[in-house]
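Subject: Structure handover

Hi,

Here is the structure I promised to pass on. Please open it next to this email and follow along.

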Amino acid sequence: MNKVYGADRHRDHRSPVPHPRPTRTALALAAVALLASATSACGDAGGLKGAGATPTAVSPEKLWPDLPAASSPAFDIDEVNIQVVKGVTVPGDDIRRVDPVEVVRREIAAHPDDYDGSEAPYRETSRRMAACDESGAARRPCPVLRSYYRDLTGDGRDELTLGFRQLPGELTAVRVYTVEKHRLVQVMGWEDAVSAVELAGRSVIIRSPSEVAGYEYRLQWTWDADQKAMLLTHDEMVRTGGRTHPPRPASTASPTPAPSSSASGR
């Protein structure tokens, strides 16, 4: 989120140049006079033109300067979501050799209240896991989606971006995993009504429908080397070019994070 700009560098490449002779100067002045005359005869030669009035810059105004500054967050939103996946090995530290279906099965086993039993919110996900094979995404009704691999941390090794449907509702779980000290580690997790997911550079971007017609939510997680996790760096509402969505289903995810300073509120 922070940008470091290099300092401007100016070098003086000027070298001593002898003064021109008087004869050479006179010839040059004559040429300039002729050129000016020809230009005025031909009309506008493409000189600079005014762009019109520009808006006056307005500096930020700090509100309620006497309000005590908060020292702790109001909600626990798991800004740093790091979990070691127990029971899943990483052969040769190659994340492409990890079985995505087994990763989802381990998560289901770790949260029985969410997946097991007739009253569990995602009971259909657990039931459909029986249809999954090692490839996962290619078969229906397996809820595990196709896996994607890309270097999101900048260390030259691929990370695993995994998704699976949380059924019978309309939620999709999105997870990112990396390998650290021979262990599979989850470095990002989110559940929402998802309309699109993108990988861009070191970021994961999730688009979700909004209750406001013609707008959608755009959330972006970006790798942070200090925290060794994907952090939510943008949370904003953006126009969709006239597309409309049905009302957004209720999510069981943690309370919506507060927007960054560069994003609009939700």
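Which element gives the most to the lining of the second largest pocket? Strand S6 does, with 4 residues.

Before the details, some ground rules. This is a predicted model: local features need pLDDT of at least 70, side-chain atom pairs count only at pLDDT 80 or more, and totals for chains, interfaces and linings use all residues. Residues are numbered from 1 along each chain as its sequence is written, and side-chain values use heavy atoms, with hydrogens and water left out.

**The pocket**

The second largest pocket holds about 270 Å³ of space. A pocket here is an open set of points on a 1 Å grid over the protein atoms alone, where a 1.4 Å probe fits, with protein on both sides within 12 Å along at least five of seven lines. Its volume is the space filled by probe spheres set on the points, which are joined across faces, edges and corners. Lining residues have an atom within 4 Å of a point.

There are 14 lining residues. Leu 145, Tyr 148, Gly 163, Val 174 and Val 197 lie nearest the centre. Strands S3 (159-166), S4 (171-180) and S6 (196-200) each give two or more residues. Strands are DSSP runs of E, at least two residues, and helices are runs of H or I, at least four; both are numbered from the N terminus.

By class, the lining has 8 nonpolar, 4 polar and 2 charged residues. Nonpolar covers Ala, Val, Leu, Ile, Met, Phe, Trp, Tyr, Cys and Pro; charged covers Asp, Glu, Lys and Arg; the others, Gly among them, are polar.

**The disulfide**

A search of the whole structure finds 1 disulfide (a pair of cysteine sulfur atoms within 2.5 Å). Cys 132 and Cys 142 form it, with their sulfur atoms 1.9 Å apart. The link is right-handed, with 95° about the S-S bond. Both cysteines are buried. Buried means under 20% relative accessible area, exposed over 50%, and partly exposed in between (1.4 Å probe, protein chains only).

**Salt bridges**

The count comes to 11 salt bridges (a side-chain nitrogen of Lys or Arg within 4 Å of a carboxyl oxygen of Asp or Glu).

Start with Glu 124 and Arg 128, which meet at 3.1 Å, N to O. They are 4 residues apart in helix H4, so about one helical turn separates them. Glu 124 is buried at 17%, whereas Arg 128 is partly exposed at 28%.

Next, look at Arg 175 and Glu 191, which meet at 2.6 Å, N to O. Arg 175 lies in strand S4 and Glu 191 in strand S5 (residues 183-192), so the pair ties together parts that are 16 residues apart in sequence. Both are buried. Salt bridges that share partners join Glu 107, Arg 175 and Glu 191 into one network.

**Aromatic pairs**

The model has 2 aromatic pairs. Rings of Phe, Tyr and Trp (its six-membered ring) pair if their centres lie within 6.5 Å; planes under 30 degrees apart count as stacked, over 60 as edge-to-face and the rest as tilted.

Tyr 115 and Tyr 122 have ring centres 5.5 Å apart and planes at 50°, so the pair is tilted. Both are buried.

Trp 190 and Trp 221 have ring centres 5.3 Å apart and planes at 50°, so this pair is tilted. Trp 190 lies in strand S5 and Trp 221 in strand S8 (residues 215-224), so the pair ties together parts 31 residues apart in sequence. Trp 190 is buried at 10%, and Trp 221 is buried at 5%.

Best wishes
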